[in-house]
Amino acid sequence: MSRPAAKLTPAQVVEIREQLAAGARKGDLAAQYQVSVEAIRKIRRGRTWRTLDDEPRTHCRRGHSFAEHGYIAPRGKRYCREC
């Protein structure tokens, strides 16, 4: 997938996720990769660069299963009936 305006490469995002899992601080990573702390926070929470995940999401952000509580809107986006 091409992201022409992205400041990070997919490889860098994977490195950031690994470093976060190892306990690195968001501020240090932001300075190292020259992005904002908010960008690192969004990567950590999966709000950006979600497409790098190996498996599709099976639950909403609050943990409700899409199999039980989900529906697909006419435009194809999944939503949770509980949220």
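## Ground rules

Helices (H or I, at least four residues) and strands (E, at least two) are taken here as DSSP runs and numbered from the N terminus. This is a predicted model, in which local features need pLDDT of at least 70 and side-chain atom pairs count only at pLDDT 80 or more, while totals for chains, interfaces and linings use all residues. Residues are numbered from 1 along each chain as its sequence is written, and side-chain values use heavy atoms, with hydrogens and water left out.

## The overall picture

Let's start with the whole chain. The protein has four helices and two strands, and from the N terminus on they run α-α-α-α-β-β. Of its 83 residues, 20% count as buried; that word means under 20% relative accessible area, with exposed meaning over 50% and partly exposed lying in between (1.4 Å probe, protein chains only).

The accessible surface comes to about 6,500 Å², and 47% of it belongs to carbon and sulfur atoms. Such areas come from the Shrake-Rupley method with a 1.4 Å probe, and for residues only the protein chains shown count as cover. Contact means heavy atoms within 4.5 Å. Among contacts in the protein with a separation of 6 or more, residues 24 or more positions apart account for 30%.

## Where α1 meets α3

Helix α1 (residues 10-21) packs with helix α3 (residues 37-45) at an angle of about 80 degrees, and their axes are 10 Å apart. That makes α1 roughly perpendicular to α3, a label for angles of 65 to 115 degrees; under 35 counts as roughly parallel, over 145 as roughly antiparallel and the rest as oblique. The axes are lines fitted to C-alpha atoms, for helices over the stretch in contact, and angles run from 0 to 180 degrees between N-to-C directions.

On the α1 side, V13, I16, R17 and L20 make the contact, and on the α3 side I40, I43 and R44 do. By class, this contact has five nonpolar, no polar and two charged residues. Here Ala, Val, Leu, Ile, Met, Phe, Trp, Tyr, Cys and Pro count as nonpolar, Asp, Glu, Lys and Arg as charged, and the others, Gly among them, as polar.

## I43 and W49

Leaving aside residues up to four places away in sequence, I43 touches L8, V13, I16, R17, T48 and W49. The C-alpha atoms of I43 and V13 are separated by 7.5 Å, although the two are 30 residues apart along the chain.

W49, one of the residues that I43 touches, lies in the loop between α3 and α4 (66-69). W49 also counts as buried, at 10% relative accessibility. Its C-alpha atom is 9.9 Å from that of T9, which is 40 residues away along the chain.

## The loop between α2 and α3

Q34 lies in the loop between α2 (26-33) and α3. Q34 has a positive phi of about 55 degrees although it is not a glycine, and counts as exposed at 68% relative accessibility.

S36 has its place in the loop between α2 and α3. With a relative accessible area of 41%, S36 is partly exposed. S36 and K26 are 10 residues apart in sequence, and their C-alpha atoms are 9.1 Å apart in space.

## The tyrosine pair

Rings of Phe, Tyr and Trp (its six-membered ring) pair if their centres lie within 6.5 Å; planes under 30 degrees apart count as stacked, over 60 as edge-to-face and the rest as tilted. By this rule the count comes to one aromatic pair. Y71 and Y79 form a stacked aromatic pair, at 5.8 Å centre to centre and with 25 degrees between the planes. Y71 counts as partly exposed at 36% relative accessibility, and Y79 counts as partly exposed at 36%.

Y79 is found in strand β2 (residues 78-80). Not counting residues up to four places away in sequence, Y79 touches F66, H69, G70, Y71 and A73. Y79 and F66 are 13 residues apart along the chain, with their C-alpha atoms separated by 7.7 Å.
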